[in-house]
Amino acid sequence: MTQDSNYGSFFIRRFTAVFICIVFVLAAFPVNAAFAKNEDGSKTGKLILKDEKIHIYGPGYSKKIELQSIGDEGSEVGFTSDKPSIASVDSKGVVTAKRFGNCRVTVTNGKFKAVCKIVVANKRIAITFDDGPGKVTTPRLLKALDEYDVKCTFFIIGRNAIQNKAVLKDEYKKGHEIANHSMNHKYACLISGSAYRQQVYDCSRVIKSIIGVEPKLFRAPGGMYNSAVRALGMPLIDWAVDPWDWKYRDAGIVYRNVLRDTHDGDIVLLHDIHPTSVTAAIRLIPVFQSRGYECVTVSELLGGMHNGTIYKRRLKRTAEPIAEEALKELD
């Protein structure tokens, strides 16, 4: 037998073995394995969407909701938008954006139901809140964030977390990002490096004891960063937009300052312990959404981050400030 025929025989045996394996897998896991037969012979399983969140670039653009599996093989699939003025959906699950904003499409199939979040936006910012949680102000903010379907990042002061555990738990339960802002808001320039590390450690310990998860991000009180802060072993989150809401306890001024200074990709600083700041934030969010901005957490905005690096914004900017257009509406 020649060397060529030996090679040919080898590949035939190898191909046969692979083919047998594939047949075995298909037999063990049939396509309809997710379905169970009812008394009438129909099959039911789980209604699962391929994506639970879909981004659409802007008005006039469309995307289709894809199903990973249907719930009831014998029933039609229906689609309903809760805000058709933002995005409509047809009988085949094709979503067409009408204007910027967020909405939800409910998908039904027999007795099964699933929800897909639709975000019509082409820009992103992260609105962040420091120094909380506040006993009264933060719950008010959380209610509005639910209404606008927005997730934010909260930089927590440990002592306030101890006093308002239920509020912190609610922030986490609602899907917001929880981050470290030290135990007692001490500035890096006023205490030793070891004392500062203890401030950060104690805050992380308190947060984990309340929500069961240790924060991954840190923001230095006062935005003061030195070698001790950089050595903490955490990504350091600064800000690109500071409306001085801690100084100007006026919702109108804070609102104007944020609109004037905010660009695509920016991290915005606010404080949820001030009623005026919360009022301004509640006014700001729908304005940003109506102009194509998606408000997301810091981690969503930045993606992969490095320990010891200070971040103020996403590096790539794609849009101009919205201030000029937005401020005209205030007059």
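**View 1. Three strands form an open antiparallel sheet in the order β5-β9-β8.** The model is predicted: local features require pLDDT of at least 70 and side-chain atom pairs pLDDT 80 or more, whereas totals for chains, interfaces and linings use all residues. Residues are numbered from 1 along each chain as its sequence is written, and side-chain values use heavy atoms, with hydrogens and water left out. Strands are DSSP runs of E with at least two residues, helices are runs of H or I with at least four, and both are numbered from the N terminus. Two strands count as paired if DSSP finds at least two bridges between them. At the edges of the sheet lie β5 (62-64) and β8 (87-89), each of which pairs on one side only. Direction ignored, neighbouring strands here are turned by 20 degrees against each other on average; strand axes are lines fitted to C-alpha atoms, and angles run from 0 to 180 degrees between N-to-C directions. Strand β9 (residues 94-97) runs antiparallel to β5 and is joined to β5 by three bridges. Within β9, Thr 96 stands opposite Ser 62.

**View 2. A four-stranded open sheet with mixed pairing has the order β4-β11-β10-β7.** The edge positions belong to β4 (53-56) and β7 (77-81); each has a single partner strand, so one side of each is left without a neighbour in the sheet. From one strand to the next, the twist averages 25 degrees. Four bridges link β4 with strand β11 (residues 112-120) in the parallel sense. Ile 56 has Val 120 of β11 as its bridge partner.

**View 3. The largest nonpolar core contains 37 residues.** A nonpolar core is a set of buried Ala, Val, Leu, Ile, Met, Phe, Trp, Tyr and Cys residues joined through side-chain atoms within 4.5 Å. Buried denotes under 20% relative accessible area, exposed over 50%, and partly exposed in between (1.4 Å probe, protein chains only). The members that touch the most others are Ile 127, Phe 129, Leu 145, Phe 154, Leu 168, Leu 270 and Phe 288. At least two core residues come from each of several elements, among them β12 (123-130), α2 (137-148), α5 (193-211) and α8 (275-290). The contribution of α8, seven residues, is the greatest. Leu 49, Ile 56, Phe 79 and Cys 103 are included in a second, separate core of 20 residues.

View 4. A disulfide is taken as a pair of cysteine sulfur atoms within 2.5 Å. Cys 203 counts as buried because its relative accessibility is 0%. Cys 295 is in no disulfide, and its nearest cysteine sulfur, that of Cys 152, is 6.6 Å away. At 6% relative accessibility, Cys 295 also counts as buried.

**View 5. Asp 170 lies in helix α4 (residues 165-173).** With a relative accessibility of 29%, Asp 170 counts as partly exposed. Its C-alpha atom is separated by 9.8 Å from that of Thr 138, which is 32 residues apart from Asp 170 along the chain.

**View 6. The whole protein chain has ten helices and 18 strands.** Of its 331 residues, 46% count as buried. Among contacts (heavy atoms within 4.5 Å) with a separation of 6 or more, 70% are between residues 24 or more positions apart.
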